[in-house]
Structure formats: structure tokens, C-alpha cells
Amino acid sequence: MYTGLQHAHSGLAYLVLLGVAISLLAALAGLFGGKTFTDKNRKLGLLGLIPTHLQWLIGLILYFVSPLGMASASGDAMKDSTTRLYVLEHPLMMVLAVVLITIGYSKAKRQVGTTRGFKTIAIFYGIGLVLILSRIPWNAWPGN
Ligand code: HEM
Ligand code: HEM
């Protein structure tokens, strides 16, 4: 089960980055184009939301089955930057990013028919993407 989840989490990371980036670019285009936020624009927000939700669920399970997750949590783990990344920084920052993206989608959903939805998505998905990029284990992913 561990290997399967590890591969799923690793592969889904591409879709998360791609989905959030497309949602963000579409929102920026709408924002600067001064358009009305329609239901079609809301659906573009789902491109970022869906892979992100799936990824966080897989990550959460992975945290309990991976030797790099909870199993390696200790005082010493905090002294090493790589173990601290997996045990603490990656999970915490990713959860924060998922929460921000979910709040962004949720707010924007209620702004269909106004011009404000684009700005909402742009801000929340934008900060979310920066947080995600900041705590991806770049020395292990995408691998070689
Ligand atoms: C949007 C959210 C997330 C993204 C984009 C993401 C991305 C990644 C990537 C790219 C890796 C490296 C995979 C590899 O070595 O090939 C990784 C590993 C890992 N992630 Fe995440 N992650 C996310 C959320 C989470 C969350 C919420 C948790 C835990 C609560 C988590 C726990 C882990 C663990 C434990 C590993 C190490 C797996 C192993 O190699 O044993 N991730 N993540
Ligand atoms: C423990 C896991 C999960 C939690 C706590 C969670 C939480 C949430 C929350 C709070 C929303 C509300 C957004 C709104 O206000 O409309 C939402 C929406 C959504 N989630 Fe998740 N989610 C989880 C897992 C998943 C998974 C595994 C998927 C499947 C890929 C998923 C797909 C979606 C979709 C498609 C929506 C948007 C629904 C809509 O159109 O309004 N979620 N989720």
C-alpha cells in the first residue's frame, strides 16, 4: 500500500501544480479583462481544487504509512532540514495551502454573476501556489 500511495502522491503533484496554475492564470485573465465571473469561470476553479483535495487526502494517509512521515518524528528530526521538511514543514504548509485554495473556491462560488470572483481566486490560489512551491521536496521530486 505504501508504494502505491507514494506513486499516486508523486504523480498527482503534477496535476496539482498544473491545475492550480491554470485556475490562477484564467482568474488573472478575467481580472485584468474586467469580465463578469460566470459559472464557467467557477468550473475553471475546480481544475485546481479537485487534484488538491485528492492530494491532501492521499498525503494525510501517506503521513501515517511512510517511514518519512510520523514514524520519523522526534526531537532529532527537527535538527535535520530534510527530516523536518517531511515530518513538519511539508504537511503543515500543504494543509494551509489546501485550506486557502478551498476558502478561495468557496468564496468565489458565491460571487458568480459579479466581477469579484476572479480577484478572490487570484489571491487565494496565488498564495496557495506559492506555499505549495515553497515546501515541495525538490531534492526528491520529480526524481530522476
Ligand atoms: C497540495 C498538496 C501537496 C503536494 C503538491 C505534495 C507534493 C509532494 C511531493 C512532490 C512529494 C515527493 C514525492 C516523491 O518523492 O516522489 C511529497 C511527499 C510526501 N508528502 Fe506531500 N504533497 C502535498 C500534501 C501533503 C500533505 C497534506 C501531507 C500530509 C499530511 C503530505 C505528506 C507527504 C509525505 C509523508 C511524503 C513523503 C512520502 C515518501 O516518499 O515516503 N503531503 N509530497
Ligand atoms: C478529507 C478529505 C476532504 C475534505 C475535508 C474536503 C473538504 C472540502 C470542502 C470544505 C469543500 C467546500 C468548498 C465549497 O465551499 O464549496 C470541498 C469541496 C470539494 N471537494 Fe473536497 N474535501 C476532501 C476530499 C476531497 C476528495 C478526495 C475529492 C475528490 C477528488 C474532493 C473534491 C471536491 C470537490 C469537487 C469540491 C467542490 C464541490 C463544489 O463544486 O462545490 N474533495 N471539499
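Reader: Okay, so a crossing is left-handed if the near helix is turned anticlockwise from the far one by less than a right angle, and right-handed if clockwise. Is the crossing of helix 2 and helix 3 left-handed or right-handed?

Author: Left-handed. Bear in mind that this is a predicted model, where local features need pLDDT of at least 70, side-chain atom pairs count only at pLDDT 80 or more, and totals for chains, interfaces and linings use all residues. Residues are numbered from 1 along each chain as written, chains are lettered from A and ligands numbered from 1 in written order, and side-chain values use heavy atoms, without hydrogens or water.

Reader: Got it. How many helices and strands does the protein chain have?

Author: The protein chain has 4 helices and 0 strands. Helices here are DSSP runs of H or I with at least four residues, strands are E runs of at least two, and both are numbered from the N terminus. Reading from that end, the order is α-α-α-α.

Reader: What does the C-alpha trace span along its principal axes?

Author: About 50 × 30 × 25 Å.

Reader: And how much of the chain counts as buried?

Author: Of the 144 residues in the protein chain, 39% are buried. Buried is under 20% relative accessible area, exposed is over 50%, and partly exposed is in between, using a 1.4 Å probe on protein chains only.

Reader: What about contacts between residues at least 6 apart in sequence?

Author: In the protein chain, 79% of those contacts join residues at least 24 apart. A contact needs heavy atoms within 4.5 Å.

Reader: Back to helices 2 and 3. At what angle do they pack?

Author: About 150°, and their axes are 10 Å apart. The axes are lines fitted to C-alpha atoms (for helices, over the stretch in contact), with angles from 0 to 180 degrees between N-to-C directions. Helix 2 is therefore roughly antiparallel to helix 3. The cut-offs are under 35 degrees for roughly parallel, over 145 for roughly antiparallel and 65 to 115 for roughly perpendicular, with the rest oblique.

Reader: Which residues meet there?

Author: On the helix 2 side, they include Leu-46, Leu-49, His-53 and Trp-56. Across from them, helix 3 (residues 81–109) brings residues including Tyr-86, Val-95, Ile-101 and Tyr-105.

Reader: Moving along helix 2, is Asn-41 buried or exposed?

Author: Asn-41, also in helix 2, is buried at a relative accessible area of 16%. Leaving out residues up to four places away in sequence, Asn-41 touches Thr-36 and Phe-118. The C-alpha atoms of Asn-41 and Gly-117 are separated by 8.5 Å, although the two residues are 76 apart along the chain.

Reader: How does helix 1 pack on helix 2?

Author: Helix 1 takes in residues 2–33, and packs on helix 2 at about 155° with the axes 8 Å apart. The two helices are therefore roughly antiparallel, and helix 1 passes helix 2 in a left-handed crossing.

Reader: What's the angle for helix 3 and helix 4?

Author: About 170°, with 8 Å between their axes, so helix 3 and helix 4 are roughly antiparallel to each other. Among the residues making this contact are Met-93, Leu-100 and Ile-103 of helix 3, with Ile-121, Phe-124 and Leu-131 of helix 4.

Reader: What does His-90 touch?

Author: Not counting residues up to four places away in sequence, His-90 touches His-9, Leu-85, Arg-135, Ile-136 and Pro-137. His-90 is in helix 3 and counts as buried at 16% relative accessibility.

Reader: And Thr-83, is that one buried or partly exposed?

Author: Thr-83 is also a helix 3 residue, but partly exposed, with a relative accessible area of 26%. Its C-alpha atom is 8.0 Å from that of Ala-73, which is 10 residues apart along the chain.

Reader: Last one: where's the cis peptide bond?

Author: Between Trp-141 and Pro-142, where omega is about 10°. Pro-142 belongs to the segment after helix 4, the helix made of 117–134.
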